[in-house]
Amino acid sequence: MMRLKMMRRVSAVILACLLFLPLWVQAEETVCLQCHAGLEERLSAPVGQWRGSIHAQNGISCHDCHGGDPTDFEMAMSPERGFIGVPEYIEVPEFCGRCHLGVKEDYLASAHGKALELWGPQCVVCHGNHAVEKATIDLINPDSCSRCHEYERAAQVKQIISATEATLVELEASVADLHRVGFDMQRLREDLFSQRNSFRRLFHTVAPERIKKQTAEFDAGLATTREQIEDYEDSVEKRKIAGGAVVVLLLLGGCVALLIKRTFHDEEG
Ligand code: HEC
Ligand code: HEC
Ligand code: HEC
Ligand code: HEC
Ligand code: HEC
């Protein structure tokens, strides 16, 4: 009895650890976070905004963007420890582009990138700085895209990429369903993931003709992926039919056995 209680308690603790482990890894408390959380508004606001961001979810913290030493209170913001401070408006693409290389490349070659020194938008204008969220085509909206020019241009780009975006979402859901019923979907998942990343990067060219052409190429690639997914789905159907057939056979077998038993009984009695 005691042992059972003990075991329950131990497993509850293990379960709690497993449940909170991801949170704990995510919210690793650096000296940057500890000190900044208690400072005046301008310096503490980034902490709260960052906590809900896609960067926080992926373990990218203050020092990954701003540099510095996250383990040393005294020297945290010393340039000798790699602190690079806050970028100027036109430095932002290089600042974010250290990690998002492909996007940076497309962006710098685009009409937006070329207008950077005049009135072109940079990364933070569209994504924000600390509260960066997962990117979707909802970022293309009248609020964000009619500040500098007519929304019409933005709407045109959005219209070109919408259908392909919807296909991607649909295929991702199918792959997740197949994984759930026990198929090894590793390869297809990686394939979709890389198609998704290259596709979402394309937006940054903001060149309607180029986006139209390349979107057609993505559609062709996705059609191949769809065929492979459909093959899996067919075999799920076949499995169901085969499963059904086994049940019917078992039932039939049961009936036959019962009949034989009855006949045997009748003959005996
Ligand atoms: C002991 C407290 C403390 C620690 C630790 C600390 N900061 Fe700061 N931070 C400050 C104060 C105070 C300011 C405002 C005065 C200044 O710029 O020196 C500031 C300013 C900043 C700024 C804005 C600078 C500007 O030019 O406006 C950034 C960015 C920043 N800190 C990032 C970090 C990062 C990244 C870390 C960890 C590697 C960190 N801080 C650690 C107290 C701290
Ligand atoms: C994804 C990269 C990224 C991360 C992570 C990040 N910052 Fe920043 N931060 C920036 C950029 C870019 C700016 C410049 C702001 C702008 O142009 O809007 C900035 C500006 C700042 C400023 C100056 C704000 C002002 O109004 O003058 C402070 C202070 C700061 N960051 C602190 C932090 C702290 C503290 C953290 C961790 C909680 C953090 N940052 C995490 C990118 C980042
Ligand atoms: C004019 C607005 C705008 C600017 C400027 C901009 N982005 Fe984006 N970004 C978007 C939109 C919209 C999407 C989503 C596109 C989609 O879903 O097809 C996106 C997608 C992304 C993605 C996801 C793509 C992927 O590969 O997963 C990343 C990362 C990203 N942007 C980073 C950046 C960086 C870094 C910069 C600066 C060099 C930047 N963005 C400049 C609007 C912008
Ligand atoms: C130290 C590396 C690093 C820096 C610097 C950085 N990021 Fe990221 N960013 C990441 C990682 C890692 C992810 C999560 C994995 C992914 O989705 O690519 C991410 C994700 C994103 C996403 C979501 C992508 C998606 O799939 O939807 C956007 C948008 C983004 N970052 C924009 C920015 C912007 C804007 C800046 C500059 C203010 C910036 N990043 C600076 C590493 C970085
Ligand atoms: C900070 C100002 C600013 C914002 C915000 C902005 N743009 Fe632009 N956009 C420009 C500039 C500057 C140009 C290039 C000069 C021109 O063509 O007028 C441009 C050009 C374009 C073009 C034409 C490119 C070409 O090669 O024909 C498209 C498409 C476009 N933007 C889409 C968007 C979308 C989508 C958004 C919102 C996610 C957006 N813009 C937000 C300033 C901005």
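This is a predicted model: local features need pLDDT of at least 70, side-chain atom pairs count only at pLDDT 80 or more; totals for chains, interfaces and linings use all residues.

Visitor: How many residues does the protein have, and what share is buried?
Guide: There are 269 residues, and buried ones make up 13% of them.

Visitor: And what about contacts between residues at least 6 apart in sequence, what share joins residues at least 24 apart?
Guide: That share is 60%.

Visitor: OK, what's the mean pLDDT of the protein?
Guide: The mean is 88, and 88% of the residues reach 70 or more. Over residues 12-25, though, the pLDDT is below 50. Leaving out near neighbours in sequence, that stretch has 0 contacts in the model.

Visitor: New topic: ligands. Which residues come nearest to ligand 2?
Guide: Those are H36, P46, W50, C62 and C65, out of 23 residues around ligand 2.

Visitor: Which one gives the largest share?
Guide: α3 does, with 5 residues.

Visitor: And how does the shell around ligand 2 split by class?
Guide: You get 15 nonpolar, 6 polar and 2 charged residues.

Visitor: Now ligand 5, which residues are closest there?
Guide: A115, P121, C145, C148 and A154 are the closest of the 21 residues surrounding ligand 5. The elements with two or more residues in that shell are α8 (111-114), α9 (123-127), α10 (142-145) and α11 (151-180).

Visitor: Which of them gives the most?
Guide: That's α11, which puts 3 residues into the shell around ligand 5.

Visitor: How many nonpolar, polar and charged residues are in that shell?
Guide: Around ligand 5 there are 15 nonpolar, 4 polar and 2 charged residues.

Visitor: Is Y89 buried or exposed, and why?
Guide: Y89 counts as exposed because it has 12 C-beta neighbours inside 10 Å, and the cut-off for exposed is 12 or fewer.

Visitor: How many residues along the chain separate Y89 from V124?
Guide: They're 35 residues apart along the chain, and their C-alpha atoms are separated by 8.8 Å.

Definitions and conventions: Residues are numbered from 1 along each chain as its sequence is written. Chains are lettered from A and ligands numbered from 1 in the order in which they are written. A residue is buried if 20 or more other C-beta atoms lie within 10 Å of its own, exposed if 12 or fewer, and partly exposed in between; C-beta atoms are placed from the backbone. A residue is near a molecule or strand if its C-beta atom, placed from the backbone, lies within 6 Å of it. Helices (H or I, at least four residues) and strands (E, at least two) are DSSP runs, numbered from the N terminus. Ala, Val, Leu, Ile, Met, Phe, Trp, Tyr, Cys and Pro count as nonpolar, Asp, Glu, Lys and Arg as charged, and the others, Gly among them, as polar. pLDDT is the predictor's confidence in each residue, from 0 to 100. Two residues are in contact if their C-beta atoms, placed from the backbone, lie within 7 Å.
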